[in-house]
Amino acid sequence: MKTALITGITGQDGAYLARHLINEGYRVIGTKRRSASTNTWRLDELGITERVELATVEMLEFGNILSVLQEFRPDEIYNLAAQSFVGVSFEQPIFTMEANAVAVYRLLEAIRIVDPEIRLYQASTSEMYGGITTESCGETSRFYPKSPYAVSKVAAHMATTNYREAHQLFCCNGILFNHESPLRGAEFVTRKITTNLARLALGDDRPLRLGNIDARRDWGYAEDYCHGMHLMMTRDNPADYVLATGTAISVRDFVIHAAEALDMQLEFDGEGSEETAHDTRTGRCILRIDPEHYRPAEVNTLIGDASKARQELDWAPKISVVELAGMMAHKDYNRLKSGAAIL
Ligand code: F7E
């Protein structure tokens with residue numbers, strides 16, 4: 001039986017990946033930070049809370065990481081723990097660098113000391129490209145990070161590549177474009193949209209408030225992407241792979257698709273921060289622009305080219321962004337209707 005260690009197991013990707021690895025016959029250890037209460041709602045929703053073992057690890061403590069590797073001797077580590085909010089990284093750049101980049105050095109050093117045969121998946125991100133182009137980005141495209149988050153992820157990406165080359169560790173960077181699901185955190189734009197539209201569909205009259213609705217992202221379904229992470233770790237040789245759908249739509253279009261799934265037909269009026277959207281069927285205001293959600297530096301468009309993953313991993317996304325918006329909107333509607341809290 002192989003053992004996988006997942007840092008950040010309580011997040012969206014950690015939960016889907018844990019379920020996948022359990023189904024593949026792995027023993028799954030998940031790390032969590034020391035705190036009075038650990039929120040396992042995603043593991044609970046997937047019905048796997050009792051099937052994973054949780055270990056308390058602080059990624060800022062080298063000794064802590066070292067001892068957890070010595071104790072569990074994992075075959076594979078999936079490093080998903082991060083300060084993953086791009087907007088927050090402008091307010092907490094130093095913590096973001098510590099948690100997302102220096103922590104990766106700790107992990108790489110711990111692997112080198114404990115057992116250089118341990119395989120590492122590092123969660124890289126499309127944010128590293130920074131939207132300098134509207135062309136699709138692949139593994140060799142130039143990085144131009146536009147936020148402290150993206151800078152930290154470029155550093156982690158480069159460190160991972162360097163340990164692969166300098167110390168011959170089996171480590172892969174998965175450069176994942178935006179990936180969403182009903183388990184996405186409610187602060188990210190897709191889930192913010194679906195939770196708020198579900199609330200409006202159930203009669204609440206406070207409009208959804210968004211920032212830049214013309215930003216375009218290549219949104220895929222998170223579960224598909226977690227299968228891709230595992231495929232990278234099953235190769236004979238380590239390499240980096242982009243996972244993406246190859247299609248980008250705007251935040252505005254995501255709102256339209258999610259609204260349609262809840263029987264709302266939106267019409268937009270006005271411009272810039274004065275723009276609003278109403279439901280043509282009821283006349284109700286559904287969306288307002290709130291400049292508070294604008295970012296100091298915005299990534300306008302991100303589109304990924306996953307042809308290497310298609311060819312070498314036989315990986316392809318199975319769910320389109322329209323299906324994804326509908327799935328998330330319906331799930332949030334049903335959650336709210338049954339009185340469940342939005343987490
Ligand atoms: O923003 C715009 C916002 O926060 C998407 C993380 O998983 O994916 C994620 O990063 C877009 C941006 O995700 C609101 O300005 C408009 O252009 O959902 P998001 P993100 O920043 O793309 C990458 C791949 C990661 O690696 C990250 O960890 O939507 N937007 N209005 C808004 N965004 C938010 N959050 N809230 C708004 O009200």
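Biologist: Which side chain does the side chain of H179 make a polar contact with?
Modeller: In this predicted model, the partner is the side chain of D13, and the two are 2.6 Å apart.

Biologist: And is H179 buried or exposed?
Modeller: H179 counts as buried because its relative accessible area is 11%, which is under the 20% cut-off.

Biologist: What else does H179 touch, leaving out residues up to four places away in sequence?
Modeller: Besides D13, H179 touches Q12, R184, G220, Y221, A222 and Y225; as for its own place in the fold, H179 is found in strand 7, which covers residues 179-180.

Biologist: Switching topic, how is the protein divided?
Modeller: There is a domain 1, made of 3-179 and 220-243, and a domain 2, made of 184-217, 249-298 and 320-337, with their C-alpha centres 29 Å apart.

Biologist: How many residues of each domain are in contact, and what area do they bury?
Modeller: On the domain 1 side 15 residues are in contact with 14 residues of domain 2, and the two domains bury about 1,200 Å² between them, with 56% of that on carbon and sulfur atoms.

Biologist: How many salt bridges are there between the domains?
Modeller: The count between domain 1 and domain 2 is three; separately, R217 and E127 meet through their side chains in a salt bridge at 3.6 Å, N to O.

Biologist: Which elements give two or more residues to the domain 1 side?
Modeller: Those are helix 2 (41-45), helix 4 (86-91) and strand 10 (220-221), and by class that side has five nonpolar, six polar and four charged residues.

Technical notes. Residues numbered from 1 in each chain as written. Predicted model: local features only at pLDDT ≥ 70, side-chain atom pairs only at ≥ 80, totals over all residues. Heavy atoms only, no water. Helix = DSSP H or I, 4+ residues; strand = E, 2+ residues; numbered from the N terminus. Buried < 20%, exposed > 50% of the residue type's maximum accessible area, 1.4 Å probe, protein only. Polar contact = N/O pair within 3.5 Å; in protein donor to acceptor, adjacent residues only side chain to side chain. Contact = heavy atoms within 4.5 Å. Domains from an automatic or database assignment. Buried area = accessible area lost by both parts, 1.4 Å probe. Salt bridge = Lys/Arg side-chain N within 4 Å of Asp/Glu carboxyl O. Nonpolar A, V, L, I, M, F, W, Y, C, P; charged D, E, K, R; others polar.
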